[in-house]
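Could you walk me through the helices, the nonpolar packing and the aromatic pairs of this model?

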Amino acid sequence: MENANQIETKIPLITMILIGINVLVFLYIESRGSSYDTDFMLQMGASYEPLILEEHQYYRLVTHFFLHFGFEHLFNNMVSLLILGFSLEQIIGRVAYLGIYLFSGILAGIASIAYNVYITGENAVSCGASGAVYGLMGALLVLLIAGRRHTGARQIPRYLIYLAVSLYSGALDPTIDNAAHVGGFVAGIILCLIFIKGRRMEVTYES
């Protein structure tokens, strides 16, 4: 019985629910139209600056990170979410984990809008969970640094290199909303710092 309980606690419940929602949304969209159809994705809730800023459709700041352009887009984000979920959910708790995911996704959308409006001057239809996933990556970096005496400081440079390569790759691809990635990542760092300070928690992260 103890073994069963130990196995149960290792299942990242919130992560599995989030993955399930994303998959169900994708299947629904494919049953009604195509996830590659930009106009249809706008109808389904993708982010688009004029609709959010001028039409005040703020719900898109949430719906956009449950939508994906095609199966590969969905698959890549869900694999990353699953890996991070197994690492983070038990450590920071389900409520904080879900909060970081959701608020990082929202702030990633805001960062993307700000970048498009004030830097590029172009409007873009965007969606995907990557901003929220990058928020979890930012939270993981905080936990690695805060718990370095338990994990070994040598893990931090490797993780930083991985993050730098990931962001650089995104910057090279014009189809990737790298502003959302950066915004989500920074949001995840800030939110995790707030959580750790609020809980006065000693981090003992183990990879």
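## A helix, its rings and the core

Tyrosine 159 and tyrosine 162 sit 3 residues apart in helix α10, so about one helical turn separates them. Helices here are DSSP runs of H or I with at least four residues, numbered from the N terminus. Please keep in mind that this is a predicted model, in which local features need pLDDT of at least 70 and side-chain atom pairs count only at pLDDT 80 or more, while totals for chains, interfaces and linings use all residues. Residues are numbered from 1 along each chain as its sequence is written, and side-chain values use heavy atoms, with hydrogens and water left out.

Two of the aromatic pairs are set out below. Rings of Phe, Tyr and Trp (its six-membered ring) pair if their centres lie within 6.5 Å; planes under 30 degrees apart count as stacked, over 60 as edge-to-face and the rest as tilted. By this rule the count comes to 5 aromatic pairs.

| Pair | Centre to centre | Angle between planes | Kind |
|---|---|---|---|
| Phenylalanine 65 and tyrosine 101 | 6.1 Å | 75 degrees | edge-to-face |
| Tyrosine 159 and tyrosine 162 | 6.2 Å | 25 degrees | stacked |

Phenylalanine 65, in the loop between α5 (60–63) and α6, and tyrosine 101, in helix α7, are 36 residues apart, and their pair links distant parts of the chain. Phenylalanine 65 has a relative accessible area of 1% and is therefore buried, and tyrosine 101 is buried at 0%. Buried means under 20% relative accessible area, exposed over 50%, partly exposed in between (1.4 Å probe, protein chains only).

What about the rest of α10? Gln155, Ile156, Tyr159, Leu163, Ser166 and Gly170 are buried in this helix.

A nonpolar core is a set of buried Ala, Val, Leu, Ile, Met, Phe, Trp, Tyr and Cys residues joined through side-chain atoms within 4.5 Å. The largest one has 35 residues, and Leu81, Tyr97, Tyr101, Leu136 and Met137 have the most contacts inside it. Helix α8 gives the most to this core, with 11 residues. Leucine 81 touches Thr15, Leu18, Ile19, Tyr97, Tyr101, Val133 and Leu136, leaving aside residues up to four places away in sequence; contact means heavy atoms within 4.5 Å.

Note on methods: Helix = DSSP H or I, 4+ residues; strand = E, 2+ residues; numbered from the N terminus.
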